[in-house]
Amino acid sequence: MESRKRQNTFRRDYQLWIMIFPAIAVILLFNYVPMYGIQLAFRDYDFSQGLTGGEWRGLAYFQQFIDSYLFTDLMRNTFLISLATIVLGFPAPIILALILNQIRRKKMKQLMQTTVYLPHFISIIVLVGMLNVLLSSETGVVGHFMKAVGLGHINLLASTSTFIPVYVLSDIWQHCGWNSIIYLAALSTVDPQLYDAAKIDGASRWQTIRYVDIPALIPTIIILFILSMGNILGTGFEKIFLMQNSLNLPVSEVIATYVYKIGIISNQFSLASAIGLFNTLINFVFLYAMNTISKRMSETSLF
């Protein structure tokens, strides 16, 4: 009975399946087929024997990473940067979308949207170069300003106390506008009659945001927050690696940069694979846990 129902559904919607087939093929090819290499985390990699030819080591490389003296520092740095990015960066596009949605002049709204979207298209290398120029204690605009107000010579990119704030704030500046698009799309589905009713009832702008806009955004916020939990240890590689130097290394060395140094520079491919898989498993646990909590509390979930 079930198989017949599925066949009927496929026959009815075969055009949609044909349209989605290329996307499914890309996902299978680039996301699932490479998972064959996961076994590298459990073997001694040998160039001459390939992925499956090395000696089976089981969980030895996972244990080696956990027993490493860098394990605690790597986990702490990764969690701190990710947590700061989520706590400060996740609400930012929501607030921006709510503000942009209150702009009634179409041309002004379009101008503001274009302005806040543009930083997203700046490459990571250019962004880090801008940070180096602006935050230089000797020649940067920020450096001169700090001198003028009596703060002295402070190299913000070389200080362990300022690295995370600089990283997080620059990330918010670059991606806040772009990330607000999905919230603006959700707000565009709100029935205009609700705004008219709120205006007739004498609601202020803040009350309109509180009782009309925010409830409309809650399902989208929950879904995106669950997805962000699935990347709790995914601080990214390029930006941190480019901002990294010998002075800020105690707080800037994260799992992603350590995997690069262990795998590519030191040629310890099996250990690097084990660390990467360990990172992925923790992300999956956070994703599943947050999805379960959301499903029980709000009946909104990914699966």
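**Aromatic pairs, nonpolar core and salt bridges**

A total of 16 aromatic pairs is present in the structure, which is a predicted model. In one of these, the ring centres of Phe90 and Phe225 are separated by 5.3 Å and the ring planes meet at 70°; the pair is therefore edge-to-face, since planes over 60 degrees apart are classed in this way. Phe90 is located in the loop between helix 4 (71-89) and helix 5 (91-101), while Phe225 belongs to helix 12 (residues 205-229), so the pair ties together parts that are 135 residues apart in sequence. The two partners were assigned to separate accessibility classes: Phe90 is buried, at a relative accessible area of 17%, whereas Phe225 is partly exposed, at 27%.

An edge-to-face arrangement was also found for Phe121 and Trp178, with 5.2 Å from centre to centre and 80° between the planes. Phe121 is placed in the loop between helix 6 (106-117) and helix 7 (124-134), and Trp178 in helix 9 (residues 163-179); this pair therefore ties together parts that are 57 residues apart in sequence. The relative accessibility of Phe121 is 57%, so this residue counts as exposed. Trp178, with a relative accessible area of 34%, is partly exposed.

Arg104 is positioned over the face of Tyr195, 5.9 Å from the ring centre.

One aromatic cluster is made up of Phe65, Phe71, Tyr258 and Phe278. Phe65 is also part of the largest nonpolar core, which has 57 residues; Phe65, Leu217 and Met243 have the most contacts inside this core. When neighbours within four places in sequence are set aside, the residues in contact with Phe65 are Phe71, Leu74, Tyr258, Leu271, Ile275 and Phe278. In soluble globular proteins, nonpolar side chains tend to be buried together.

The backbone of Asn267 was noted separately. This residue lies in the loop between helix 15 (255-265) and helix 16 (269-298). The phi angle of Asn267 is near 60°, a positive value in a residue other than glycine.

The number of salt bridges is 4. Side chains of opposite charge can pair when their charged atoms come close. One of the salt bridges joins the side chains of Asp73 and Arg76, with an N to O distance of 2.9 Å. Both residues belong to helix 4, where Asp73 and Arg76 are 3 residues apart, about one turn of the helix. Asp73 has a relative accessible area of 30% and is partly exposed; Arg76, at 37% relative accessibility, also counts as partly exposed.

A further salt bridge is formed by Asp13 and Arg12, whose side chains meet at 3.3 Å, N to O. Here Asp13 is partly exposed, at a relative accessible area of 21%, and Arg12 is exposed, at 57%. Between Lys261 and Glu253, the closest N and O atoms of the salt bridge are 3.0 Å apart. Glu253 counts as buried, with a relative accessibility of 13%, because the buried class covers values under 20%.

Conventions:
Residues are numbered from 1 along each chain as its sequence is written. Side-chain values use heavy atoms; hydrogens and water are left out. Rings of Phe, Tyr and Trp (its six-membered ring) pair if their centres lie within 6.5 Å; planes under 30 degrees apart count as stacked, over 60 as edge-to-face and the rest as tilted. Helices (H or I, at least four residues) and strands (E, at least two) are DSSP runs, numbered from the N terminus. Buried means under 20% relative accessible area, exposed over 50%, partly exposed in between (1.4 Å probe, protein chains only). A charge sits over a ring if NZ of Lys or CZ of Arg is within 6 Å of the ring centre and within 35 degrees of the ring normal. A nonpolar core is a set of buried Ala, Val, Leu, Ile, Met, Phe, Trp, Tyr and Cys residues joined through side-chain atoms within 4.5 Å. Contact means heavy atoms within 4.5 Å.
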